[in-house]
Amino acid sequence: MTPIIPTTMNNTFPTVQTIIGIGVDIIEIDRFRSAMHKYGQRFLDKLFTKNEQQHCLRYKDPEPRFAARFSAKEAVVKALGEGFGKNISFLDIEILNHPNGKPSATLSDKCSKHFHHPIFHLSMSHSRDYATASAIALGNPSFQKENG
């Protein structure tokens, strides 16, 4: 049985969200760092939105932050039950932080519509060697029946 989580929309009309998937990913930061140095800006532009790039490049050592966002994007597609390809690309997912630091994932309008407007709970972390992320996708129970 899939857990159903009550949520509210505009704090007025209750809606029902169900967990449609959970995704986890881990990456070696050195592998990511090597690819960044080998392919440069072209690599970043293929994987990250301008907002994501601006956020990460504010830091003295941006590679762990880029790696964590890469890992988060992988976790999001796993939570949706789909890989990168026809229906979703790296640039269709934007990983940013709320002012309080909490990470959030936003889908492009096209992808949000395709996946029935899911919302995500994210966690990202990195150490000296690894970056990891986990994502829980919440959505309308009908999405799971259509795609499960």
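In the hairpin formed by β3 and β4, 5 residues lie between the strands, and G101 there takes a positive phi near 100°. Strands here are DSSP runs of E with at least two residues, helices are runs of H or I with at least four residues, and both are numbered from the N terminus. Before going further, please keep in mind that this is a predicted model, in which local features need pLDDT of at least 70, side-chain atom pairs count only at pLDDT 80 or more, and totals for chains, interfaces and linings use all residues. Residues are numbered from 1 along each chain as its sequence is written, and side-chain values use heavy atoms, with hydrogens and water left out.

Strand β3 covers residues 93-97, and its pairing with β4 is antiparallel, over 5 bridges; two strands count as paired if DSSP finds at least two bridges between them. One of the bridge pairs joins N97 to P103 in β4.

How well covered is β4? Of the 5 residues in this strand (residues 103-107), 4 are buried. Buried means under 20% relative accessible area, exposed means over 50%, and partly exposed lies in between, using a 1.4 Å probe and protein chains only. S104, a residue of β4, counts as buried because its relative accessibility is 17%. Leaving aside residues up to four places away in sequence, S104 touches E94, I95, L96, H98 and L122, where contact means heavy atoms within 4.5 Å.

Now step back to the whole chain. The protein has 5 helices and 6 strands, and along the sequence they follow the pattern β-β-α-α-α-β-β-α-β-β-α. Of its 148 residues, 41% count as buried. Among contacts with a separation of 6 or more, 58% come from residues 24 or more positions apart.

Next come the helices. Two packed helices are described by the angle between their axes and the distance between the axes. In this model the axes are lines fitted to C-alpha atoms, for helices over the stretch in contact, and the angles run from 0 to 180 degrees between N-to-C directions. Helix α1 (residues 29-47) and helix α3 (residues 63-80) pack at about 75°, with their axes 10 Å apart. That angle makes α1 roughly perpendicular to α3; angles of 65 to 115 degrees are given this name, those under 35 count as roughly parallel, those over 145 as roughly antiparallel, and the rest as oblique.

Which residues make the contact between α1 and α3? From α1 come I29, F32, R33, M36, H37, L44 and L47, and from α3 come E63, P64, F66, A67, F70 and K73. By class, this contact of α1 with α3 has 9 nonpolar, 1 polar and 3 charged residues. Here Ala, Val, Leu, Ile, Met, Phe, Trp, Tyr, Cys and Pro count as nonpolar, Asp, Glu, Lys and Arg as charged, and the others, Gly among them, as polar. H37, found in helix α1, counts as exposed because its relative accessibility is 59%. H37 and E63 are 26 residues apart along the chain, and their C-alpha atoms are separated by 9.9 Å.

Helix α1 also meets helix α2 (residues 50-57), where the axes come within 8 Å and cross at roughly 125°. The two helices, α1 and α2, are therefore oblique to each other. In this contact, Q41, L44, D45 and L47 of α1 meet K50, E52 and Q53 of α2. These residues divide into 2 nonpolar, 2 polar and 3 charged.

Apart from residues up to four places away in sequence, D45 touches K50, Q53 and L91. D45 and L91 are 46 residues apart along the chain, with 8.5 Å between their C-alpha atoms.

Finally, turn to the loop between α4 (109-114) and β5 (119-126), where H116 lies. Most residues other than glycine have a negative phi, and most peptide bonds are trans. H116, however, has a positive phi near 65°. H117, in the loop between α4 and β5, has a positive phi of about 55° although it is not a glycine. Are these residues buried or exposed? H116 is partly exposed, with a relative accessible area of 31%, while H117 is exposed at 52%.
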